[in-house]
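Colleague: Can you walk me through this one? Helix packing to begin with, please.

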Amino acid sequence: MAATLLELSDFSVQYATSRGKVRALDSVNLKIGKEEFVALVGESGCGKTTLGLAAIGLLPPRSATIAGGSISYKGVDLSKLKPGEMQNYRGSEVAMIFQEPLTSLNPLRRVGEQIAEAIVLRIKKRDPTSKVKGAPRFPGLRWKLSPGLKSEVEQMLTLVRIPDPEHIVDRYPFELSGGMRQRAMIAMALSQQPELLVADEPTTALDVTTQAQVLKLMKEIKDKLGTTIMLVTHDLAVASQVADRVVVMYAGQVVEEADVREVFSNPKHPYTQGLLSCIPTGTRDGKQLTPIKGTIPDLTVKKDSCLFQPRCPYAMEVCSKKSPSLFEVGKDHRAACFLYGK
Amino acid sequence: MASEPLMRTVELRKYYTSTRGVNPLSRAKEKVVKAVDGVSINIPEGRTLAVVGESGCGKTTLARTMALLIPPTGGEIYFDGRRVDGRGVSDREVYRKLQMVFQDPDSSLDPRMRVKETIAEPLRGLTGMNGSEVKAAAMESLQAVGLSADFADRYPKQLSGGQKQRVAIARAISTKPKLLILDEPTSALDASVQAQILNLLVDLQRRYSLSYMLITHNIAVAAYLSDVMAVMYAGTVVERGPTSEILRKPRHPYTLALLESAPKPDPLNRTLLETEISGEVPSAINPPPGCKFNPRCPFAESICTEQVPPLTLVAEGHDAACHFLGKTA
């Protein structure tokens with residue numbers, strides 16, 4: 001693996017709810033290397049989005065608390081950053097794209113202005129003395145982009161393969177299709193030239209042919225700009241098509257991580273195996289799918305056991321007594337299961 | 001298929017008119033959205049027809065029109081041996097034999113009804129059963145979807161997503177229908193729960209010799225569950241035929257693109273990154289002239305912008321609507 005960019009060690013996050021503390025992330029150890037394309041996969045409630053939010057320092061401040069461990073970016077502990085430093089880190093080092101572009105774009109501002117805002121921020125961060133003018137203070141005013149800025153915005157739009165960028169610059173988000181909006185979001189995220197791009201279910205709201213185009217674009221960006229990408233998805237098939245490395249999460253814990261080919265050809269953790277056997281492939285021809293029995297555990301209760309044990313077909317005595325750590329099961333392949341260590 | 005299909009449509013159309021603003025003068029510029037534009041499909045008895053396509057292609061409108069939830073603009077619908085669109089047809093008669101399961105059980109289940117009341121509702125409304133018969137039939141239905149009797153007194157909020165969808169299915173099968181129209185039945189569910197529901201649907205079909213019409217955007221689910229498939233694009237069927245044949249040898253360029261872009265859990269076979277498709281589904285108000293797929297089609301020539309290609313037979317029971325079927329052969 002190349003130099004580590006993001007490192008989580010024993011990182012735990014809890015949410016305060018009316019039912020008590022929900023252990024959304026439970027002692028997560030994870031390293032993300034430079035220029036990697038990592039997919040975080042798991043079902044709803046497994047903590048993958050929380051991990052994505054933690055990486056960009058956007059955990060909801062009132063309900064979420066870091067209950068232990070650390071998350072560091074290039075060796076700097078993110079939880080110790082002051083708000084101003086965090087603001088600097090966000091955007092220029094790491095950027096995020098969300099599932100629903102329509103709710104993350106400002107409906108009252110033209111797409112070009114929104115991308116220009118990010119570009120102006122970048123210029124001012126690099127050179128605080130710069131005279132470049134930002135958006136007008138009064139929100140209702142239209143922002144006339146200077147020719148230089150406008151051409152930079154158009155370049156960004158071309159980069160994300162938006163056809164006809166001169167016209168799209170002046171469009172409002174509602175005038176664009178879903179795929180175009182997501183491309184505009186990606187353009188905005190990339191315009192601060194971040195090293196790490198966190199994409200939380202970026203294609204879940206899109207149609208499959210559009211999804212294919214957006215995923216292809218992300219892969220291209222990674223290859224062209226060397227951006228590290230952390231893709232959060234519930235869809236193993238999507239992960240298999242684009243990621244280099246796959247991290248499987250269950251109930252707030254990492255249960256398996258390996259190279260993408262390894263995960264799909266040689267899954268070790270019973271949960272990963274279960275997830276893979278749930279995906280229908282080809283016609284039925286009398287085959288039955290093998291669903292994982294049971295449901296996800298209640299995360300408000302602290303358990304000193306393997307959290308998958310009640311649903312696991314291989315559960316042993318030890319599984320209900322202590323929690324497994326990640327064991328080496330192959331080259332760069334780890335699984336948290338007592339089948340592979342003690 | 002020699003036998004008469006359980007349900008079929010002939011040139012079914014559903015148009016919506018869109019008016020802009022409240023100005024009556026602008027009514028002159030009224031635009032027509034052809035959500036479903038001349039769809040002829042068959043649902044074979046005891047089998048599953050999957051209607052696949054992307055959002056906005058009209059598949060849900062088609063399902064709702066066929067379920068008589070919205071009146072068609074034109075065309076014919078036949079179900080169980082007789083015509084059911086138009087006047088003189090008792091909805092209740094049809095609904096006893098035709099039920100629907102919706103995508104999101106959170107919005108299709110009444111939050112203030114207990115599970116047993118939800119399941120009993122169609123029985124009360126559509127059959128002449130008395131109280132104890134209704135109760136027995138509801139419990140039977142509940143059991144058929146793999147939920148124990150303890151669930152009867154619960155409210156939807158006390159159930160998980162998968163359990164809620166089971167209740168929705170139990171309600172649909174309570175009147176012993178012949179046909180279930182399933183509108184994205186597993187799209188709101190996690191992978192492991194989706195597998196449970198798919199297994200349940202297969203099991204129920206076998207047990208009660210049900211026919212299904214499955215509406216989905218998920219090719220993997222359609223492939224797994226269906227016997228025959230219809231691919232829709234911008235309100236029309238562009239290809240239809242046996243599922244195995246379409247998967248093996250898709251003939252319409254759109255079907256080809258759709259199958260390529262559908263992600264498969266196989267990192268050694270990254271078809272998704274090779275797909276050439278560009279653009280998006282056209283606007284329904286202002287579709288391109290000729291073949292509606294022509295702006296995105298790699299084979300498009302001038303004829304494609306002038307003439308709408310008819311569905312042409314390419315193999316037994318398999319037809320596709322393209323001017324250049326020779327190029328995909």
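Modeller: Axes here are lines fitted to C-alpha atoms, for helices over the stretch in contact, and angles run from 0 to 180 degrees between N-to-C directions. This is a predicted model, with local features needing pLDDT of at least 70, side-chain atom pairs counting only at pLDDT 80 or more, and totals for chains, interfaces and linings using all residues. Residues are numbered from 1 along each chain as its sequence is written, with chains lettered from A in the order in which they are written.

Colleague: How do the axes of helix 4 and helix 7 of chain A cross?

Modeller: They come within 8 Å and cross at roughly 20 degrees. Helix 4 of chain A is therefore roughly parallel to helix 7 of chain A (angles under 35 degrees count as such). Helices are DSSP runs of H or I, at least four residues, numbered from the N terminus.

Colleague: Which residues of the two helices meet?

Modeller: Val111(A), Gln114(A), Ile115(A) and Ala118(A) in helix 4 meet Ala184(A), Ala187(A) and Met188(A) in helix 7. Contact is C-beta atoms, placed from the backbone, within 7 Å.

Colleague: Switching to the chain contact: how many residues does each chain give?

Modeller: Chain B gives 38 residues and chain A gives 39 residues.

Colleague: Which helix of chain B gives the most to that side?

Modeller: Helix 7 of chain B, with 7 residues.

Colleague: And what does Met213(B) contact, leaving aside neighbours within four places in sequence?

Modeller: Ile43(B), Leu49(B), Val51(B), Ala63(B), Leu179(B), Ile181(B) and Leu182(B).

Note on methods:
Angles under 35 degrees count as roughly parallel, over 145 as roughly antiparallel, 65 to 115 as roughly perpendicular and the rest as oblique.
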